[in-house]
Amino acid sequence: MSVSLESSLTADQIEQLAVLCKDAEEQAHEITKLTDEFPNLSVDEAYAVQQKLIHLKQAEGKKVIGRKLGLTSVAKQQMMGVHEPTYGTLFDYMMLSETEPVDLSSLIHPKAEPEIAFYMGEHLEGSNVTGIQVLSATKYVMPAIEIIDSRYKDFRFTLPDVVADNSSSSRVVLGGKATRVEEIDLSLLGVVFYKNGNLESTGAGAAVLGHPATAVAWLVNKLYLQGEKLRKGDLVLSGAITGAYSIQPGDHVDVRIEKLGNVTIHCK
Ligand code: OOG
Ligand code: MG
């Protein structure tokens, strides 16, 4: 991967910001927003910070397993006050099994959100990729709970901040069954989100940019600008369908998505 984007920050500054975000994640401590110190931090520079963060993790042997979209629904955009989608990078250590309790002790102020996950059956690359192409390159879709954990104080940030912080990526749990997309209209699937048995929110796949595959197409077109693509075998989270809900030890979250099945987590 190469940092091809224009940047007014030096390579050293980009690395310092990446290390700051990485340490905050690993040590589970809050940091102040990067834009407090660098008010002119651009979105392109923020993606360069994220790319550096990815390289630092890869150098430690952590493996990229895919990508995630963020802020693709009106619910999330309004909740966070950021009105553009973002993407982040998923690593092997983020992936948890539904059968194990989710240990929140290594997280700062986690929140859970319901998502539709895509498992790519083919590489996908380009600048004008459409949702239809995404669907034809997708092997399966699955219901997912994403646990996000912004490293910023009070979970508040601007667009460049959240991009640099790997779009709050923290943990992912997949459930249900692997379902082929051919016969399903993902935009019409109903989604319900329960926390501790209480119905917290409801939605439909269309909440994500009109159709979750449109969100994945947005990602592919963005990646292309950085000389990157989705790879066969990548997992992609298409973005939260409803708002995100704070979770604490003892909580259990149950997400049900029409036709795709259920996914449940128990937090400790
Ligand atoms: C940014 C990540 C958002 C989603 O699905 O909208 C996200 C955040 O809200 O912390 O993952
Ligand atoms: Mg998400």
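Strands (E, at least two residues) and helices (H or I, at least four) are DSSP runs numbered from the N terminus. This is a predicted model, in which local features need pLDDT of at least 70, side-chain atom pairs count only at pLDDT 80 or more, and totals for chains, interfaces and linings use all residues. Residues are numbered from 1 along each chain as its sequence is written, chains are lettered from A and ligands numbered from 1 in the order in which they are written, and side-chain values use heavy atoms, with hydrogens and water left out.

**Strand β7 and its partners**
- In a regular strand the side chains alternate between the two faces of the sheet.
- β7 pairs with strand β8 (residues 198-204) in the antiparallel sense over 6 bridges; two strands pair if DSSP finds at least two bridges between them.
- F193 has S201 as its bridge partner in β8.
- The two strands β7 and β8 form a hairpin with 2 residues between them, and N196 in the turn has a positive phi of about 50 degrees.
- β7 also runs antiparallel to strand β11 (residues 252-257), joined to it by 5 bridges, and K195 stands opposite V253 in β11.

**The magnesium site**
- The magnesium ion (ligand 2) has E113 (OE), E115 (OE) and E146 (OE) as its protein donors, 1.9 to 2.0 Å away.
- Donors are N, O and S atoms within 2.8 Å of the metal (3.2 Å for Na, K and Ca); water is not among the atoms, so sites may look incomplete.
- The spacing of these donor residues in sequence is E-x1-E-x30-E.
- Because E113 lies in strand β4 (residues 111-120) and E146 in strand β5 (residues 138-148), the pair ties together parts that are 33 residues apart in sequence.
- Both E113 and E146 are buried.

**Salt bridges**
- A salt bridge is a side-chain nitrogen of Lys or Arg within 4 Å of a carboxyl oxygen of Asp or Glu, and by this rule the count comes to 15.
- K76 forms a salt bridge with E113, the closest N and O atoms being 2.7 Å apart.
- This pair links distant parts of the chain, with K76 in helix α4 (residues 74-80) and E113 in strand β4, 37 residues apart.
- The relative accessible area is 5% for K76 and 3% for E113.
- R180 and E182 meet in a salt bridge at 3.7 Å, N to O; R180 is partly exposed at 45%, whereas E182 is exposed at 54%.
- K22, E26, E60 and K62 are linked in a network of salt bridges.

**The surroundings of L90**
- L90 belongs to strand β2 (residues 86-91) and is buried, with a relative accessible area of 0%.
- Leaving aside residues up to four places away in sequence, L90 touches residues including K63, I65, V172, L235 and L237; contact means heavy atoms within 4.5 Å.

**Confidence**
- The chain averages a pLDDT of 96, and 97% of the residues score at least 70; pLDDT is the predictor's confidence in each residue, from 0 to 100.
- Over residues 1-5 pLDDT stays under 50.
- Where pLDDT is low, the predicted coordinates should not be read in detail.

Methods. Buried means under 20% relative accessible area, exposed over 50%, partly exposed in between (1.4 Å probe, protein chains only).
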